[in-house]
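Dear colleague,

Below is the structure I said I would pass on. My notes on it follow.

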Amino acid sequence: MADHYVPENLPTRIQHYIDGKFVDSVNGATFDVLNPVSNTNYATAAAGQKEDIELAVAAATRAFNDGPWPRMKPRERSRILNKIADAVEAQEARLAELESFDSGLPITQARGQAMRAAENFRFFADLIVAQFDDAMKVPGSQINYVNRKPIGVAGLITPWNTPFMLESWKLAPSLASGCTVVLKPAEFTPLSASLWAGIFEEAGLPQGVFNLVNGLGEEAGDALVKHPDVPLISFTGETTTGQTIFRNAATNLKGLSMELGGKSPCVVFADADFDAAIDSALFGVFSLNGERCTAGSRILVERPIYDEFCEKYAARAKNIVVGDPHDPKTEVGALVHPEHYNKVMSFVDIGKSEGRLLAGGGRPEGLDHGNYVAPTVFADVKPEARIFQEEIFGPVVAITPFDTDEEALELANGVKYGLAAYIWTQNLTRAHNFAQNVEAGMVWLNSHNVRDLRTPFGGVKASGLGHEGGFRSIDFYTDQQAVHITLGAVHTPKFGASASN
Ligand code: NAD
């Protein structure tokens, strides 16, 4: 008997799903999947190779070229997308249980992710029926219109931090647009992705439209990126992986959407609503185990409130409940994988020589096994410190004081990333000026990260390429062909018609 929670009917064998069937890898390759609480191997997953990607892309290509999906009326696709959302909602508890077990996310936060996954499908179901395109008239001579077409087979490559939700963020708009897809989920967390197959089948998604290939990034992911019949790749993951994919996609000039790493500032001015800022600055870096691309992992605090902020922040961080992800009281669970745990712990060690340790700094007491890290707070961190510059992607935060607005902006912008920024001040003019000058794809003023699915999502600098969200996602997965029609006489210059000829 395991000494930790194990969901009932847990699969021990995770397969690919290609052309409507669950299958193993052609060469039988597998990889081990660990549970982050015990780090024991609970399942083996099929490790997709080039030939498995070939089969998945061939199925998706057939479904695109000959199947009904790209040709359906938007309302028909929308009905199926809404059925998918219904099914995700209906399985919410099971999904959250599997997701929490596989990723180590606290169960209460995994539940939120399942609901957001369903919402992504509902949102794009609505959007696709409201989609219309431009027609431009030149009076008396021409009409031009946009003929929007799904691009083809979309390659979707996703990370492990909120697996199911992030998969839905790509699946919903690509399917709504009429593309067919090959999904390559993260190898640390393959469990929940298989659920899509049953959900899609039941909702009536035609065979071959959705294909899933599990496997390692360097094998399955790489083959998908290099496949000539996959015209676009939507990728979420680390910046260095994004750079590799960018290079590998160049040969076939693929469309790329990249949501990459972050080291986002949370800037707290002395005039801020102090308590609200503390709540948000804690949630911003310790929710989702700190494994959050938009984490406010650098807190910049104006000098007059700096000492009080550090003291209250550290006291609350020490009080955060770390423990079994399945326990509803848990606020920070176990990090996804021992490899990632070691990376985060090495930053905790580095931080001890780069800042003043106020909370955490290692394993929480009483949790001797599993990938647990106590919420860790470093103060007085200098901008050149590694823990200020590099993405840690765990429950570790750096706090730095500032004296002027200019200094705060310089600190905020002084890293290679530019994903999100959080600004706390009661001064409207300062808030807007800061928001407009901070190098971040998304800014929240006096708020933690609350998403509106209509707004652009993405980063600048090393945090990404392109924006998804709302109609921008549909733009990414479709081609906008311009069709020009002459009205009346055609006035073509008459080449070769002069008398001398
Ligand atoms: P990762 O880059 O290691 O892996 C992401 C995916 O890419 C996985 O499916 C992996 O198998 C695949 N992959 C790896 N090498 C590949 C290659 N050579 N070719 C093709 N595919 C390859 O990232 P991760 O560790 O899974 O996730 C954490 C990272 O994701 C963090 O940097 C985080 O900030 C980022 N992230 C960004 C956002 C965002 O929206 N900006 C959201 C969530 C996570």
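The shell around the ligand holds 29 residues, where a residue counts if one of its heavy atoms lies within 4 Å of the molecule. The closest are Thr158, Lys184, Glu187, Thr241 and Glu391. This is a predicted model, in which local features need pLDDT of at least 70 and side-chain atom pairs count only at pLDDT 80 or more, while totals for chains, interfaces and linings use all residues. Residues are numbered from 1 along each chain as its sequence is written, and side-chain values use heavy atoms, with hydrogens and water left out.

The ligand taken alone exposes 850 Å², of which the protein buries 93%; accessible areas come from the Shrake-Rupley method with a 1.4 Å probe, and for residues only the protein chains shown count as cover.

Helix 7 (217-226), strand 11 (232-236) and helix 8 (239-249) are the elements that give two or more residues to the shell. Helix 7 has the largest share, four residues. Helices (H or I, at least four residues) and strands (E, at least two) are DSSP runs, numbered from the N terminus. By type, the shell has 14 nonpolar, nine polar and six charged residues; Ala, Val, Leu, Ile, Met, Phe, Trp, Tyr, Cys and Pro count as nonpolar, Asp, Glu, Lys and Arg as charged, and the others, Gly among them, as polar. The ligand lies between domain 1 (13-260 + 459-483) and domain 2 (265-445), because both give residues to its shell. The domain bounds come from an automatic or database domain assignment.

Lys184 is among the residues closest to the ligand and belongs to strand 9 (residues 180-184), which is largely enclosed by the rest of the structure because five of its five residues are buried. Buried means under 20% relative accessible area, exposed over 50%, and partly exposed in between (1.4 Å probe, protein chains only). Thr180, Val182 and Lys184 are on one side of strand 9, and Val181 and Leu183 on the other. Strand 8 (residues 153-157) pairs with strand 9 in the parallel sense over five bridges, pairing being at least two DSSP bridges between two strands. Glycine 155 stands opposite valine 182 in this arrangement.

Strand 16 (residues 376-379) is also buried on both sides, with Thr376 and Phe378 pointing one way and Val377 and Ala379 the other. Three bridges join strand 16 to strand 15 (residues 356-359), antiparallel, and three join strand 16 to strand 17 (residues 396-402), parallel. Phenylalanine 378 is the bridge partner of leucine 357 and also of alanine 398.

Two loop residues remain. Serine 264, in the loop between strand 12 (255-259) and strand 13 (265-268), is buried at 1% relative accessibility. Its side chain reaches the backbone oxygen of alanine 420 at 3.1 Å. Glycine 104, between helix 3 (92-103) and helix 4 (107-130), is buried at 0%.

Regards

Definitions and conventions:
A polar contact is a pair of N or O atoms within 3.5 Å; within protein, one must be able to donate a hydrogen and the other to accept it, and residues adjacent in sequence count only if both atoms are side-chain atoms.
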